[in-house]
Amino acid sequence: MPVTLTLKNILKKILHRFSFVQRPQQRRHLLAPLIVTLTISTNLYAEPIKLYYENRVPFMFLENNQLKGTLGLPATETFKAAGIAFTLSEAPVARQELTITNNTEAACAIGYYWTTDRAKSGKYTLAIAHGMSQGIIIRSDNPKMYAINTMESLLDDPSLTIALRHGYSYGETVDKLLQQSKARILRPSDDSHGRVKLVAMAIVDAALFTPEEAAYQIKQFGTQANGLTFRQLHDSPEGKPRYLYCSKMVGDETIQKLNAAIKKRR
């Protein structure tokens, strides 16, 4: 049961017990110390927020049991600076979002883009980082990719197959472009390494990545990279802010504390 509901029920019982006191002013005088004590105690013993992450270098990864990365570190530092207790939980993005939108627990996920649908189902903090624009990992020996250097040319070619992350939003602008794509879109359950492998094996023609993640992933293949290269798309929409995305069971006061900590970090 959420802590706020428990406190509400306790206060109702206290008010009922003190109903014999007829004068409102005298009743408030008797109840005030109890209410303050209960509120403080409830906040002290509230369950930590579950902070979801996905092991995805260079954005989020564990190092000496600490979450690091361009998104992971700002997220945990924000919680610590705000004085908000949290526990880390690793889960795929699709499961994270399902948990948050179903509102089954007090939880936040790291590094989400803002979308209208998500804003209806959960709560966003202020931005903790800013993303880069999307490009593609391709094989340099793929003749179908020689003339592809824009998002428009990529998505307008029905002969191409593009691998995207399963259950993932690339932000509203890119998502809308992808919905209109003439190219074949695959969303396999593979992680980032697996999607790059699909390119290396010529199963797909391209995989969508940001420059920093692409550099790391290509490096992991070493001599087996098979001519893998990253190509920036000239008309790719500008990178968007990345946020903490939380369930509605995370109270507004907690969101305000997180936002205050984010402002101090800027």
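In this predicted model, 43% of the 266 residues of the protein count as buried. The fold comprises ten helices and twelve strands. Contacts between residues at least 6 apart in sequence are made up, to 73%, of pairs at least 24 apart. The protein exposes about 14700 Å², and 53% of that area comes from carbon and sulfur atoms.

The largest nonpolar core has 30 residues. Within this core, the residues that touch the most other members are Ile-136, Met-145, Leu-154 and Tyr-170. Several helices and strands give two or more residues to the core, as tabulated here.

| Element | Residues |
|---|---|
| α4 | 93-102 |
| β5 | 107-112 |
| β6 | 123-130 |
| β7 | 135-139 |
| α6 | 151-155 |
| α7 | 172-179 |
| β10 | 206-209 |
| β12 | 241-246 |

What does Tyr-170 touch, not counting residues up to four places away in sequence? Its partners are Tyr-113, Gln-134, Leu-164, Arg-165, Asp-175, Leu-178, Arg-187 and Leu-208. Tyr-170 is also a member of the largest nonpolar core.

Helix α3 spans residues 72-82. Which of its residues are buried? They are Gly-72, Pro-74, Ala-75, Thr-76, Thr-78, Phe-79 and Ala-82. In an α-helix, residues three or four places apart point the same way, because there are 3.6 residues a turn. Just after α3 comes Gly-83, with a positive phi of about 75 degrees.

How values were computed
Residues numbered from 1 in each chain as written. Predicted model: local features only at pLDDT ≥ 70, side-chain atom pairs only at ≥ 80, totals over all residues. Heavy atoms only, no water. Core = buried A, V, L, I, M, F, W, Y, C linked by side-chain atoms within 4.5 Å. Buried < 20%, exposed > 50% of the residue type's maximum accessible area, 1.4 Å probe, protein only. Helix = DSSP H or I, 4+ residues; strand = E, 2+ residues; numbered from the N terminus. Contact = heavy atoms within 4.5 Å. Areas by Shrake-Rupley, 256 points an atom, 1.4 Å probe, with all protein chains shown as cover.
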